[in-house]
Amino acid sequence: MNTDTQLTDWREQALQFERQINQTVIGLQPAVRNIILAVFARGHVLLEGNVGVGKTTLLRAVAQGLGGDYQRIEGTIDLMPADLIYYTYLNEQGRPCVDPGPLLKHGDTLATFFFNEINRARPQVHALLLRAMAERSINAFNRDYHFPHIQVFADRNRVEKEETFELPAAAKDRFMMEINIDMPSGDTELDELMFNPRFHDTDRLVAGVANSGIYYRLNELAQTLQQHIQTSPKLHAYALSLWKATHQPQQYGVQLSDVEMPQLLMAGASPRGMSYLIRAAKTSAWLEQRDHVLPEDLQAVFPVCMTHRLFLNPMYAYRKEQLLPELIEGILDQVAAP
């Protein structure tokens, strides 16, 4: 089978997977599309939203549909790094035992690692997770454990701030995307969620997602996809301008109300972040049945790939919920596309 045929077949599977998820969690189509892009670009995903909007159900449905070995851990104030590696207990004979924790239980076949309420965990836990995300390995019991297939999904709710810890910049930068989940706004979707018994039992709902069995082939597919989808010199120049604009937006004519633009940013996007942006854009082009990237592909994934990588100076940080979306929109408006 040639590469074009292979990528076409995989695209059909990806779109079928997307349709199935959209039938399981309704009213979240933009978020589902972004998750599909991250999965096929092999990037980690952070979800943020209010309580009860479907973050956990969405991630559970995605993990169920992808297949592969799955582990989940709950972020709590007393969670320690060792809790990811092992747990101790007394067996039936009253003897102490040590079993592998969620990161080690499945060894190198671990596929999806879901960290629920990640902002409730301590920075020490974030540091351990950071290595697993960045290097796909950790060191424990005097040896290295490798996770070639691991994909981390994490979520946090934006309401409660007590007993929570802000993710450090290095941890945020390891997530390809941060996706905001808002409740469905359409009356039809809300009526379904409230009155259709199908959505009242989330365990049964998630169990109804068919296991596609595609997970362990994703690394090979992603490598083929990234090599096959082409980018032009003009697109390279456009992407470079977008990156520069995340550091000095005023140089591109971006102006925000009541802001001294030279003092706005403490840090812009990292080179790693731009690499993730290109990977996501190539995957977007592939889903749109193209073998080359257009400016529209970059623009489609720019907000979810870049917003969490821009850090405001303290004097403006209290307005970040307002300023960051305006800044992203301003950059896309002001940087000329080829």
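Where is the place of N34? The place of N34 is in helix α2. Hold that residue in view while the ground rules are set out.

The model is predicted, so local features need pLDDT of at least 70, side-chain atom pairs count only at pLDDT 80 or more, and totals for chains, interfaces and linings use all residues. Residues are numbered from 1 along each chain as its sequence is written, and side-chain values use heavy atoms, with hydrogens and water left out.

Helices (H or I, at least four residues) and strands (E, at least two) are DSSP runs, numbered from the N terminus.

**Stop 1: N34**

Stay on N34. Its relative accessible area is 11%, so N34 is buried. Buried means under 20% relative accessible area, exposed means over 50%, and partly exposed lies in between (1.4 Å probe, protein chains only). Now show what touches N34. Apart from neighbours within four places in sequence, N34 is in contact with M177, I179 and V304. Contact means heavy atoms within 4.5 Å.

**Stop 2: helix α1**

Select residues 3-24. This is helix α1, with 22 residues. From first C-alpha to last, α1 reaches 32 Å, close to the 32 Å expected at 1.5 Å a residue. The expected span is 1.5 Å times one less than the number of residues.

Color the buried residues of α1: L7, W10, R11, A14, L15, F17, E18, Q20, I21, N22 and T24. What do they pack against? Their partners are α2 (29-41), α3 (55-66), α8 (202-207), α9 (218-228) and α11 (271-287).

Next pick D4, also found in α1. D4 is partly exposed, at a relative accessible area of 46%. Draw a distance from D4 to L294. The two are 290 residues apart along the chain, and their C-alpha atoms are separated by 19 Å.

**Stop 3: helix α3**

Move to α3. It has twelve residues and reaches 17 Å from its first C-alpha to its last, close to the 16 Å expected at 1.5 Å a residue. Nine of those twelve residues are buried, so α3 is largely enclosed by the rest of the structure. The buried ones are K55, T57, L58, L59, A61, V62, A63, G65 and L66.

Select Q64, which is found in α3. Buried or partly exposed? Q64 is partly exposed, with a relative accessible area of 30%. Leaving aside neighbours within four places in sequence, Q64 is in contact with V206, A207, V209, A210 and N211.

Step past the end of the helix. G67 follows α3, and its phi is positive, near 80°.

**Stop 4**

Most residues other than glycine have a negative phi. Two residues here are worth a click.

Pick E117 in the loop between β5 (110-116) and α5 (123-135). E117 is not a glycine, yet its phi is positive, about 55°. At 22% relative accessibility, E117 counts as partly exposed.

Then pick Q289 in the loop between α11 and α12. Q289 is not a glycine either, and its phi is positive, about 65°. Q289 is exposed, with a relative accessible area of 58%.

**Stop 5**

Two packed helices are described by the angle between their axes and the distance between the axes. Axes are lines fitted to C-alpha atoms, for helices over the stretch in contact, and angles run from 0 to 180 degrees between N-to-C directions.

Show α9 with α11. They pack at an angle of about 85°, with their axes 10 Å apart. That makes α9 roughly perpendicular to α11. Angles of 65 to 115 degrees count as roughly perpendicular, under 35 as roughly parallel, over 145 as roughly antiparallel and the rest as oblique.

Display the side chains in this contact: L221, L225 and Q226 of α9, with I278, R279, K282, T283 and W286 of α11. By class, the contact has four nonpolar, two polar and two charged residues. Ala, Val, Leu, Ile, Met, Phe, Trp, Tyr, Cys and Pro count as nonpolar, Asp, Glu, Lys and Arg as charged, and the others, Gly among them, as polar.

**Stop 6: α11 against α12**

The contact is made by G273, M274, L277, I278, A280, A281, S284 and A285 of α11 and by D297, L298, V301, F302, C305 and M306 of α12. These residues divide into eleven nonpolar, two polar and one charged.
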